[in-house]
Amino acid sequence: DNKIFPYDKIVFIDSTWNQCKGMMRNPLLSGLPRVMIKSRNTIFWRYQKGKPKEYLATIEAIYYFLVDYHQIILKKEYKGEYDNILFFFKFMYDKIHELYDHNSLRAYTRD
């Protein structure tokens, strides 16, 4: 229903959080409407210094957008339909934790 969700295309910008504000000042992007997803904590293995735990990795944002769209717009119970898009994310998360002692790396701890 176009009244509930009036867009037929969604653009996700992949960048670091430090690049976001500059990218949104770009005239090609600044006029685009924005959609806000529910706040969630990141499960990304590399915490970003000075950024809140709600700052998601791009793949997390895409995943949670799809889950929210499914539940809020389509009004359907979510049964894991989009979980597979996190396959490589989860693989790399596990690989990083397998290879490195996270207690000795700054990227694993929050200030």
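**Fold.** I began with the order of elements: from the N terminus on, the protein runs α-α-α-α. I counted four helices and zero strands. I keep in mind that this is a predicted model.

**Whole protein.** I looked up burial next. Of the 111 residues, 20% are buried. The accessible surface comes to about 8,900 Å². Carbon and sulfur atoms hold 56% of that surface. I then turned to contacts between residues at least 6 apart in sequence. Among these, 56% join residues at least 24 apart.

**D68.** I went to helix 3, where D68 sits. Is D68 buried or exposed? Its relative accessible area is 5%, and the cut-off for buried is under 20%, so D68 counts as buried. Which residues does D68 touch, leaving out those up to four places away in sequence? I noted I37, K38, R40 and I73. R40 got a second look: the side chains of D68 and R40 are joined by a polar contact of 2.5 Å.

**K75.** I moved on to the loop between helix 3 (58-73) and helix 4 (87-99), where K75 is found. I checked the backbone there. K75 has a positive phi of about 55°, although K75 is not a glycine. I flagged this because most residues other than glycine have a negative phi. Then I looked up the accessibility of K75. The value is 62% relative accessibility; exposed means over 50%, so K75 counts as exposed.

Notes: Residues are numbered from 1 along each chain as its sequence is written. This is a predicted model: local features need pLDDT of at least 70, side-chain atom pairs count only at pLDDT 80 or more; totals for chains, interfaces and linings use all residues. Side-chain values use heavy atoms; hydrogens and water are left out. Helices (H or I, at least four residues) and strands (E, at least two) are DSSP runs, numbered from the N terminus. Buried means under 20% relative accessible area, exposed over 50%, partly exposed in between (1.4 Å probe, protein chains only). A polar contact is a pair of N or O atoms within 3.5 Å; within protein, one must be able to donate a hydrogen and the other to accept it, and residues adjacent in sequence count only if both atoms are side-chain atoms. Contact means heavy atoms within 4.5 Å. Accessible areas come from the Shrake-Rupley method with a 1.4 Å probe; for residues, only the protein chains shown count as cover.
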